[in-house]
Amino acid sequence: MKAVFLDYATMGPGLDMTAMHALLPELQVYDVTDDEQVADRIRDVEFVLTNKLRLTDELLAQNPDLRFIGLTATGTDNIDLEAARSHGVAVCNIRGYCTQSVAEHVFACLLNLTHNLRAYGEAVRVGEWQRSDDFCLLSYPIRELSSMTLGIVGWGELGKGVARIAESFGMQVLVAARPGNDEVPDGRVAFSELLERADVISLHCPLNDATKGLIGGNEFRRMKADALLINTARGGLVDSVALVEALETGQIAAAAIDVLPQEPPVKGDPLLDYTSPNLIVTPHIAWATNEARQAAIDELVANIEAFLEGNRRNRVV
């Protein structure tokens, strides 16, 4: 069975691929594949494994031998699913592999911001503590999570994982109704209400027509002045220009952003030029603990095994 992994470098170093190679002995692994190389590398291949590369109707139509597309991600927006269906190609994603990693990242950022660790570290570096009249330095507020309300947008595996940790800290948790849906199910609150009530808003929803630009100028104006925004979902959910303005003018207190609309941000982004300590920007690493990355490979192996056995594990097509 000819197989190819097109963008293995996106998974990072140090992973155990033994089971994958045992399952697909002819697997050809490429660290990086440019868009113009995809057609040549998937020609006559039965199994294509990828994380972020786009597979279009044209590419699928050129490869009648293709049987299976395995994603090392939950999102499927880089695959033309209708084309895969029409060409009889199975598509599988992976799920639940990075819940702990993302949840820990959310709270690493949240504790950093609520305890002002970056600002206090800088204060020590420039000598403010050394010049203090007291034994401690209390230049910046420090907030306990147990006094705060966490608003979650996106009630899937990741949102629920974050909620479990929040409750262990004693936080009140609000869950937003699905954006774009006028109905508010029991146990949830309208998105507009969540904006006004939450001390922290953590985004875990997909990027689609209903959620693109979900948080912009109007939303920041509705949020509390001491509120925090955390985005580990998709960059297109948040208007970067509006976020910079909200941070500069004090519409909200702070933000932690792990995703941007363009990745890598080769054309820049307003958030990259913002230098105040009330913003944390990280390079899409919330998902990427060693354990989560290995779990992603293990999930992909399980999907391939299931497909070969005639089972529909994690099938989206």
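I count a contact as heavy atoms within 4.5 Å. I am working on a predicted model, where local features need pLDDT of at least 70, side-chain atom pairs count only at pLDDT 80 or more, and totals for chains, interfaces and linings use all residues. Residues are numbered from 1 along each chain as its sequence is written, and side-chain values use heavy atoms, with hydrogens and water left out.

**Entry: T99.** I looked up its neighbours. Leaving aside residues up to four places away in sequence, T99 touches E157, L158, G161 and R164. I then checked burial (buried is under 20% relative accessible area, exposed over 50%, partly exposed in between; 1.4 Å probe, protein chains only). T99 is buried, because its relative accessibility is 9%.

**Entry: salt bridges.** My criterion is a side-chain nitrogen of Lys or Arg within 4 Å of a carboxyl oxygen of Asp or Glu. I find 10 salt bridges in the structure. One of them joins the side chains of R67 and E46, at 3.1 Å from N to O. These two partners sit 21 residues apart and link distant parts of the chain. R67 is partly exposed, at 33%.

**Entry: D199.** The R143 to D199 bridge spans 3.9 Å, N to O. This pair is 56 residues apart in the chain. For D199 and K224, the closest N and O atoms are 3.0 Å apart. That pair is separated by 25 residues. D199 counts as buried because its relative accessibility is 6%. R143 is partly exposed at 22%, and K224 is partly exposed at 29%.

Note on methods
Helix = DSSP H or I, 4+ residues; strand = E, 2+ residues; numbered from the N terminus.
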